[in-house]
Amino acid sequence: MSNNLGVDGKGLGLLLENDQITKVLSSYVGENKFFMQQYIDGAIEVEFVPQGTLAERMRAGGSGIAGFYTKTGVGTLIAEGKPTMDFDGETYVLERGIVADLALVHAHTADTDGNLVYRLTARNFNPLAAMSGQVTFAQAEHIVALGDINPDHIVTPGVYIHAVAQAVTPTDIEQHTVHPRPVTEEALA
């Protein structure tokens, strides 16, 4: 499971190219041409999951919640074959919590006990992935001694993490899109 399949030749794309992925639960797959071709050819099983539902399925699995009902996907292909139930006159679809055998996460900072701090949008899915793994490995840009992270800044407690490794290369799977700042008269003065 992943929010996305990365890009060709990097991240999960490497596992895909080595035939190490046979089924994918994902909310977005548009950046990986190799994956898209495998999907079109029927060479890989894909379960598309709305992004918020994927996040909640991971959180539920990590919290010991077997399933939950949501309105997202009702009446679409997403809900096909899944149980539904009506609550207060509205139909909801049952989604199962996700518990992964192995979770891989990336953090900005980790201490030696596996307490993790994320940076920017890495906080969107990494904490949920960490808690949904039966075994979770974290790579961190910075590894510090136990006690060097302010407890108020810890997002994922070390109880979820089984091993921490130093990140040695940039992830570079993101697309950095920035626009030049507009030049104002104040800036020219």
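Predicted model: local features only at pLDDT ≥ 70, side-chain atom pairs only at ≥ 80, totals over all residues.
Ser26 stands opposite Phe48, a residue of β3. Strands here are DSSP E runs of at least two residues, and helices are H or I runs of at least four, both numbered from the N terminus. Residues are numbered from 1 along each chain as its sequence is written, and side-chain values use heavy atoms, without hydrogens and water.

β2, residues 23-28, pairs with β3 in the parallel sense over four bridges; pairing requires at least two bridges found by DSSP. The open sheet has three strands in the order β1-β2-β3, with parallel pairing. β1 (2-4) and β3 (45-48) each have a single partner strand and stand at the edges, so one side of each lacks a neighbour in the sheet. On average, neighbouring strands of this sheet are turned by 45 degrees against each other, direction ignored, with axes taken as lines fitted to C-alpha atoms.

Now the whole chain. It contains five helices and 10 strands. The C-alpha trace spans about 60 × 45 × 45 Å along its principal axes. Of 189 residues, 33% count as buried, meaning under 20% relative accessible area with a 1.4 Å probe, protein chains only.

On contacts, defined as heavy atoms within 4.5 Å: of those between residues at least 6 apart in sequence, 61% join residues at least 24 apart.

Last, charges. There are 11 positive side chains (Lys and Arg) and 23 negative ones (Asp and Glu), with His and the chain ends not counted. The centres of the two sets lie 3 Å apart, placing each charge at NZ of Lys, CZ of Arg, CG of Asp or CD of Glu.

Key: Buried < 20%, exposed > 50% of the residue type's maximum accessible area, 1.4 Å probe, protein only. Axes fitted to C-alpha atoms, helices over the stretch in contact; angles between N-to-C directions.
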